[in-house]
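Please look over the sequence and the 3D model below. Then read on for a short tour of selected residues.

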Amino acid sequence: TVTEPPVFTVSEQHTDVQCNGDNTGSITLTPAGGTSPYSYTWNGLPGTSSQSSLPAGNYSIVATDDNQCSVALSIDITEPLLLTIAETHTDVTCNGTNTGSIDITAQGGSQPYTYSWNDLVATEDRTNIPSGNYSVTVYDNYQCSATATVVINQPQVLSLTESHTNVLCNAASTGGIDITATGGTSPYNYAWNDAVQTEDRLGVPAGIYTVTAYDTYQCSATLTVAITEPTALTVTETHTDVSCGGGADGAIDITVAGATAPYSFLWADGPT
């Protein structure tokens with residue numbers, strides 16, 4: 001009676017790489033039938049029935065029993081795409097406010113993702129945040145990770161400075177105000193308390209003037225300017241009449257007050 005061994009077969013179980021670029025793959029071979037002992041070659045090199053710490057790739061394996069019967073296997077160890085983070089963000093519009101935002105998009109790896117920010121927030125996206133440096137680490141289902149840093153900027157504080165000219169003569173309209181806005185985000189618009197909308201003012205009377213400047217995001221700054229005027233120029237006099245007809249011993253004493261000294265004088269008959 002001629003006998004033969006059972007048909008030689010080899011089954012396999014493998015684990016794919018969990019994180020792109022890692023060496024976490026493994027292959028385990030289970031022979032059946034044939035005649036033991038069994039030997040193995042992996043991509044042409046001697047090996048055992050199992051291998052671990054494998055990178056992604058194709059593995060050509062030949063299992064051979066004691067009678068030189070052989071079984072060839074081709075096994076692909078795969079890996080996920082590289083876990084990456086893309087972001088879009090909005091900077092703070094007005095200095096000192098919380099109007100920034102960050103929109104995170106994770107790709108690759110193995111979903112689902114979890115998020116860990118440097119300020120302990122665990123949401124994917126961020127809204128209503130102040131300026132600053134924000135770092136987020138994304139973890140996939142196997143704790144593979146990727147990190148991105150986002151800088152949220154803010155404009156300089158919107159501020160106003162001024163130089164002005166006071167009214168020269170009481171009740172006149174010779175005052176002027178020159179406004180300079182800095183910071184914020186230009187262009188600027190201006191609103192005065194007397195409904196004027198120009199930046200600077202010319203030909204204004206004495207008074208209190210308040211201007212609010214608005215930048216392109218409606219951030220605002222306010223400044224008040226006092227335009228002064230001198231008191232009214234007044235003249236009083238005392239006089240001495242001529243004592244004798246045809247005499248010349250008359251006198252006039254003038255007293256000037258108000259306005260801005262020094263004073264000059266011009267009499268109708270010429271003296272100064």
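Leu233 sits in the loop that links β19 (220-227) to β20 (234-240). Strands here are DSSP runs of E with at least two residues, helices are runs of H or I with at least four residues, and both are numbered from the N terminus. Leu233 is exposed, at a relative accessible area of 53%. Exposed means over 50% relative accessible area, buried means under 20%, and partly exposed lies in between (1.4 Å probe, protein chains only).

Leu233 belongs to a nonpolar surface patch with Ile252, Tyr263, Phe265 and Trp267. Accessible areas come from the Shrake-Rupley method with a 1.4 Å probe, and for residues only the protein chains shown count as cover. A patch takes residues with over 30% relative accessible area and no salt bridge; nonpolar side chains (Val, Leu, Ile, Met, Phe, Trp, Tyr) are joined within 5 Å, like charges within 9 Å.

A word on the source: this is a predicted model, in which local features need pLDDT of at least 70 and side-chain atom pairs count only at pLDDT 80 or more, while totals for chains, interfaces and linings use all residues. Residues are numbered from 1 along each chain as its sequence is written, and side-chain values use heavy atoms, with hydrogens and water left out.

**Charges**

Which residues form the negative surface patch? They are Glu87, Asp103, Glu124 and Asp125. Asp and Glu count as negative, Lys and Arg as positive, and His and the chain ends are not counted. Each charge is placed at NZ of Lys, CZ of Arg, CG of Asp or CD of Glu. Asp125 lies in the loop between β10 (114-117) and β11 (126-129). Asp125 is partly exposed, with 33% relative accessible area.

Side chains of opposite charge can pair when their charged atoms come close. How many salt bridges does a search of the whole structure find? The search finds two. A salt bridge is a side-chain nitrogen of Lys or Arg within 4 Å of a carboxyl oxygen of Asp or Glu. Here are the pairs.

| Acidic residue | Basic residue | N to O distance |
| Asp119 | Arg126 | 2.8 Å |
| Asp194 | Arg201 | 2.9 Å |

Asp119 is partly exposed at 35%, whereas Arg126 is buried at 8%. In the other pair, Asp194 is partly exposed at 35%, and Arg201 is buried at 8%.

**Backbone details**

Most residues other than glycine have a negative phi, and most peptide bonds are trans. Some residues in this model depart from that pattern.

Leu120 has a positive phi near 75° and is not a glycine. Leu120 lies in the loop between β10 and β11. Its relative accessible area is 79%, so Leu120 is exposed. Ala171 also has a positive phi, of about 75°. Ala171 lies in the loop between β14 (159-165) and β15 (175-182). At 65% relative accessibility, Ala171 counts as exposed.

Where are the cis peptide bonds? One joins Gln111 and Pro112, with omega at about 5°. Pro112 is in the loop between β9 (100-107) and β10. Another joins Ala261 and Pro262, with omega at about 0°. Pro262 comes in the segment after β21 (251-257).

**Buried or exposed?**

Take Ile152, found in strand β13 (residues 145-152). Is Ile152 buried or exposed? Ile152 counts as buried because its relative accessibility is 2%. Its contacts (heavy atoms within 4.5 Å) include His89, Val92, Ile102, Ile129 and Tyr134, leaving aside residues up to four places away in sequence. Tyr134 is 18 residues from Ile152 along the chain, and their C-alpha atoms are 7.6 Å apart.

Gln13 lies in strand β1 (residues 9-15). Gln13 is exposed, at 64% relative accessible area. Gln13 touches Ser26, Ile27 and Thr28, again not counting residues up to four places away in sequence.

Ala248 sits in the loop between β20 and β21. Ala248 is exposed at 80% relative accessibility. Ala248 and Glu87 are 98 Å apart, C-alpha to C-alpha, and 161 residues apart in sequence.
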